[in-house]
Amino acid sequence: MISTWGSKAGRMLRGQSAPVTYGLIVVCCVVFLISPVSGFNPGYGGGDRLLAAQQAYFERWGVVPVELFSGVPRAALGPFTALFVHGSWLHLLGNMLFLYVFGAMVEERMGHLQYALFYVVCGYFALLAYAAAHAGSGQTLVGASGAISAVLGAFLYLFPKARVTSLFPFLFFLPLRFPAWVVLPFWVALQWLAAGQGGRGTGVAYLAHLVGFSLGFCYAWGVYGWRARVKGTAPATEGDSQP
């Protein structure tokens, strides 16, 4: 996913490891595979039994806004555990692709421990913000999208000139390469427009995406300031147009 980089900074980053990013990907994949959602665990049965197991799984490990703000102690862990739960193969693969593409460089810039805390805290508050905006809802919310959106926000601030290869459906999925400062704000605009559709969308928590992205960008700006930006030719990164 990462092409050859021409700058010294790019070569340095490319040669480093990102154990937190790769560890998060492994954990999310393992959790999904052993869950009733993957369909690989025969112990959950099939048909109505499997659907019931999936619903119970989401309610136990996801965020249920009405429970979160009703004083149920266990519900306070929901925004944390939901970061490792995904609702479908497409949901999982899309999120993990974006985490793989953008996470490693952000982790190298922040450091492993700081990046891990950043990921969890931003993801928690992104889901919490969505739950607060839908406090009366009993619909479960799962996924790492809020945390990964925070990674995208930090990436935009730290690597604004990085070239991102994206696939745009309205351009017949032609792979086009643009700087991050073009692609990621465009992605934010799409999330904003989708969030404005209210409950008429596909059930995706676009508000959590917006909150996560804002938290990530503001964190990078507040902690690193102008000194953190990459100098010279930016590395090239490839990814989809939307997580």
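Which residues does Ser145 touch, not counting residues up to four places away in sequence? I found His91, Asn95 and His209 in contact with Ser145, contact being heavy atoms within 4.5 Å.

Notes on the source. This is a predicted model, in which local features need pLDDT of at least 70, side-chain atom pairs count only at pLDDT 80 or more, and totals for chains, interfaces and linings use all residues. Residues are numbered from 1 along each chain as its sequence is written, and side-chain values use heavy atoms, with hydrogens and water left out.

Ser145 again. I placed Ser145 in helix H8. Helices (H or I, at least four residues) and strands (E, at least two) are DSSP runs, numbered from the N terminus. I list Ser145 as buried because its relative accessible area is 13%; buried means under 20% relative accessible area with a 1.4 Å probe, protein chains only.

Fold. I noted 10 helices and 3 strands, in the order α-α-α-α-α-α-α-α-β-β-α-α-β along the sequence. Of the 243 residues, 45% count as buried.

Core. The largest nonpolar core has 51 residues; such a core is a set of buried Ala, Val, Leu, Ile, Met, Phe, Trp, Tyr and Cys residues joined through side-chain atoms within 4.5 Å. Leu99, Val106, Tyr115, Phe118 and Tyr119 have the most contacts inside this core. Helix H8 gives the most to the core, with 10 residues. I also looked up Leu99: leaving out residues up to four places away in sequence, Leu99 touches Thr21, Leu24, Ile25, Ala104, Tyr115, Tyr119 and Ile148.

Terms used:
Buried means under 20% relative accessible area, exposed over 50%, partly exposed in between (1.4 Å probe, protein chains only).
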